[in-house]
Amino acid sequence: MVVTLIVICEVGFWVLLAAGLAARYLLKLPRTGIAILMCEPVLELVLFVVAALDLRNGADPSLKHGIAALYIGYTVGHGHRTIKWLDGHAAHRLAGGPPPVKPPRHGMARARYEGRVWLGTLIGAAVATALLLLAIWYVGAPARTTSLQQCMYGAWRAAGIHGLIALSYAFWPKKAPDSGRSRGEAVRDAS
């Protein structure tokens, strides 16, 4: 049941997102669109309650409960950024708004951008960890919760790998392409 609900929540996320953006930009009902988009957190709350009830009814803590916590953590850490990104694209394509701002591609500006995205991953891992620790405490039998502990470690491994990748942009920043001068002009200017 929990796995089915995770799939329903994921599909529901995209359905609510599409409905909110359609109401906002196609139907010209911005308040209704925002109200629909504000229903997104309800999906995570339902998932959390169902997973807790599943554990309360005697289900063995398993990977599905861990995935539910990871899903909720990801949504908390990256959901707002995802919605904002899609809203910018919808405003541009459906309402004639300005093109969305693209992330920087070079130098330290790109490193700062990657660092902000990584902070979302850190927040997601922290939220998932808090939920998993709550579940472990709720079950009260550490021997039965190894799958939840593994999910917790997996969240922090993913955050660590993402952090290393983000950090690589600071240590080895991608250089901006040459300003359009030909190689011959650059050589002449150097002499």
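How close do the axes of α4 and helix α6 come, and at what angle do they cross? I took this up as the opening entry, working throughout on a predicted model.

**Entry 1: α4 and α6**

I noted that two packed helices are described by the angle between their axes and the distance between the axes. For α4 and α6 (residues 146-171), I found that the axes come within 8 Å and cross at roughly 35°. I recorded the crossing of α4 past α6 as right-handed. On the α4 side I listed Leu63, His65, Gly66, Ile67 and Leu70, which meet Ser147, Leu148, Cys151 and Ala155 of α6.

**Entry 2: helix α1**

I checked the length of helix α1, which runs over residues 2-26. At 1.5 Å a residue, its 25 residues should span 36 Å, and I found the end C-alpha atoms 35 Å apart, which agrees.

Which residues of α1 are buried? I noted Val2, Leu5, Ile6, Cys9, Gly12, Phe13, Leu17, Gly20, Leu21, Ala23 and Tyr25. I traced what the buried residues of α1 pack against and found α2 (30-37), α3 (40-56) and α4 (63-95).

**Entry 3: Lys28**

I moved on to Lys28, which lies in the loop between α1 and α2. I noted its positive phi of about 60°, although Lys28 is not a glycine. Is Lys28 buried or exposed? I recorded Lys28 as exposed because its relative accessibility is 55%, and the cut-off for that class is over 50%.

**Entry 4: Glu114**

I located Glu114 in helix α5, residues 107-139. I then asked which side chain makes a polar contact with the side chain of Glu114. I found that of Arg110, at 2.8 Å. Leaving aside neighbours within four places in sequence, I found Glu114 in contact with Ala166 and Tyr169.

**Entry 5: Thr129**

I looked up Thr129, which is also found in helix α5. Its relative accessibility is 12%, so I counted Thr129 as buried. Which residues does Thr129 contact, leaving aside its neighbours within four places in sequence? I recorded Met152 and Trp156. For Trp156 I also noted a polar contact, side chain to side chain, with Thr129 at 2.6 Å.

Technical notes: Residues numbered from 1 in each chain as written. Predicted model: local features only at pLDDT ≥ 70, side-chain atom pairs only at ≥ 80, totals over all residues. Heavy atoms only, no water. Helix = DSSP H or I, 4+ residues; strand = E, 2+ residues; numbered from the N terminus. Expected span 1.5 Å × (residues − 1). Buried < 20%, exposed > 50% of the residue type's maximum accessible area, 1.4 Å probe, protein only. Contact = heavy atoms within 4.5 Å. Polar contact = N/O pair within 3.5 Å; in protein donor to acceptor, adjacent residues only side chain to side chain. Axes fitted to C-alpha atoms, helices over the stretch in contact; angles between N-to-C directions. Left-handed = near helix turned anticlockwise from the far one by under 90°.
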